[in-house]
Amino acid sequence: MKNITAQEHTTVDQAGLEREVPSLDSPHPAAASLAVHCDEPGCEAEPVEACEYVDSRGNACRTHWCATHGPEVAGHRYCRRHAGTMVALGSKANNPRALPDVGHRGASLVRWVYRDLDPAMTTLLDAESRSNEHLLRDTEVAVGRAEDGSRCWEMSWKLASPSGIRLRITLMVEEQDDSVVLVRLGDEVLASGVPPWIEARRLGKQVTEEEDREQRRSFYAFLEEYLTEAIRQA
Ligand SMILES: [Zn+2]
Ligand SMILES: [Zn+2]
């Protein structure tokens with residue numbers, strides 16, 4: 001099977017997705033060969049292909065997109081949501097069991113929040129590291145399993161030395177609720193929250209670009225402060 005590598009140019013703005021992309025909670029009626037135009041609202045272009053995403057239960061996305069609105073990842077066409085999922089999972093997408101349900105945003109959400117927090121976490125952990133330790137950062141979303149067998153999607157920062165991992169911070173989205181991002185220190189959940197752009201979508205609220213920026217800033221500031229405090233006490 002082909003390796004899927006993260007390509008930055010196919011990175012999808014998660015907040016943009018929540019504003020613009022039709023919800024997949026109720027999957028599209030299988031339009032199959034009947035699609036006459038792209039599924040992007042307002043786009044009249046002819047679809048080139050259907051999204052090739054098929055989740056671990058065998059459910060397919062099958063929405064139809066033109067060349068502009070259906071990005072290609074590792075030679076396959078996806079809708080923007082699933083392009084985000086495939087890029088987030090990277091090589092792990094080769095394992096069918098890693099693929100979240102068609103309507104589940106977990107993998108791309110974890111990657112999105114991780115990327116946004118990464119500069120601050122890198123600074124924080126570099127400052128906390130002891131002389132024989134180095135910082136390990138993830139480049140792909142990993143799939144974990146809870147005791148009840150449900151899955152979660154996660155990415156971590158770790159401070160490691162030759163004798164092992166001293167400190168691990170993990171961002172995680174669980175299978176049962178793909179709106180909530182959990183933050184773990186080691187195995188302990190420290191905080192959880194619904195990112196503001198997802199909250200806005202849930203409530204059907206329109207926010208201006210400025211409001212969006214401000215909400216994101218305070219969401220990340222909250223997480224950073226919280227983690228700074230927790231790491232100092234660890
Ligand atoms: Zn289009
Ligand atoms: Zn799709």
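This is a predicted model: local features need pLDDT of at least 70, side-chain atom pairs count only at pLDDT 80 or more; totals for chains, interfaces and linings use all residues.
1. A donor, as the word is used for a metal site in this note, is an N, O or S atom within 2.8 Å of the metal.

2. Cysteine 61 belongs to the loop between strand E1 (49-50) and strand E2 (64-65), while cysteine 79 belongs to the loop between strand E4 (76-77) and helix H2 (80-89), so the pair ties together parts that are 18 residues apart in sequence. Both cysteine 61 and cysteine 79 are buried.

3. The zinc ion (ligand 1) is coordinated at 2.1 to 2.4 Å by Cys38 (SG), Cys43 (SG), Cys66 (SG) and His69 (ND1). For the zinc ion (ligand 1), the four donor atoms make angles of 100 to 114° among themselves, and the site is tetrahedral. The spacing of its donor residues in sequence is C-x4-C-x22-C-x2-H. Cysteine 43 sits in the loop between helix H1 (14-20) and E1, and histidine 69 in the loop between E2 and strand E3 (72-73), so this pair ties together parts that are 26 residues apart in sequence. Cysteine 43 and histidine 69 are both buried.

4. The protein has five helices and 10 strands, and buried residues account for 49% of its 234 residues. Among the contacts in the protein with a separation of 6 or more, 57% are made by residues 24 or more positions apart.

5. Serine 150 deserves a point of its own: is this residue buried or exposed? Its relative accessibility is 14%, and because buried means under 20%, serine 150 counts as buried. Serine 150 is placed in the loop between strand E6 (142-145) and strand E7 (151-161), where its side chain and that of aspartate 148 are joined by a polar contact of 2.8 Å. If residues up to four places away in sequence are not counted, serine 150 touches Gly144, Arg145, Glu175 and Gln176.

6. The aromatic residues form another theme. A pair of aromatic rings is described by the distance of the centres and the angle of the planes. The count comes to five aromatic pairs, and one of them is formed by tryptophan 197 and tyrosine 220, which is tilted, with 6.4 Å from centre to centre and 35° between the planes. Tryptophan 197 lies in helix H4 (residues 196-203) and tyrosine 220 in helix H5 (residues 209-233), so the pair ties together parts that are 23 residues apart in sequence. Tryptophan 197 and tyrosine 220 are both buried.

7. Trp197, Phe219 and Tyr220 form one aromatic cluster, and arginine 216 lies over the face of tryptophan 197, at 5.4 Å from the ring centre.

8. Phenylalanine 222 and tyrosine 226 also form a tilted aromatic pair, with 5.6 Å between the centres and 45° between the planes. Both residues lie in helix H5, four residues apart, which is about one turn of the helix.

9. Which residues does tyrosine 226 contact, leaving aside its neighbours within four places in sequence? Tyrosine 226 is in contact with Leu190 and Ala191. The C-alpha atoms of tyrosine 226 and leucine 190 are separated by 8.4 Å, although the two residues are 36 residues apart along the chain. The side chain of tyrosine 226 reaches the backbone oxygen of leucine 190 at 3.4 Å.

Definitions and conventions. Residues are numbered from 1 along each chain as its sequence is written. Chains are lettered from A and ligands numbered from 1 in the order in which they are written. Side-chain values use heavy atoms; hydrogens and water are left out. Helices (H or I, at least four residues) and strands (E, at least two) are DSSP runs, numbered from the N terminus. Buried means under 20% relative accessible area, exposed over 50%, partly exposed in between (1.4 Å probe, protein chains only). A polar contact is a pair of N or O atoms within 3.5 Å; within protein, one must be able to donate a hydrogen and the other to accept it, and residues adjacent in sequence count only if both atoms are side-chain atoms. Contact means heavy atoms within 4.5 Å. Rings of Phe, Tyr and Trp (its six-membered ring) pair if their centres lie within 6.5 Å; planes under 30 degrees apart count as stacked, over 60 as edge-to-face and the rest as tilted. A charge sits over a ring if NZ of Lys or CZ of Arg is within 6 Å of the ring centre and within 35 degrees of the ring normal. Donors are N, O and S atoms within 2.8 Å of the metal (3.2 Å for Na, K and Ca); water is not among the atoms, so sites may look incomplete. Four donors count as tetrahedral if all angles lie between 85 and 135 degrees; four count as square planar and six as octahedral if opposite donors are over 155 degrees apart and all others between 65 and 115; anything else is irregular.
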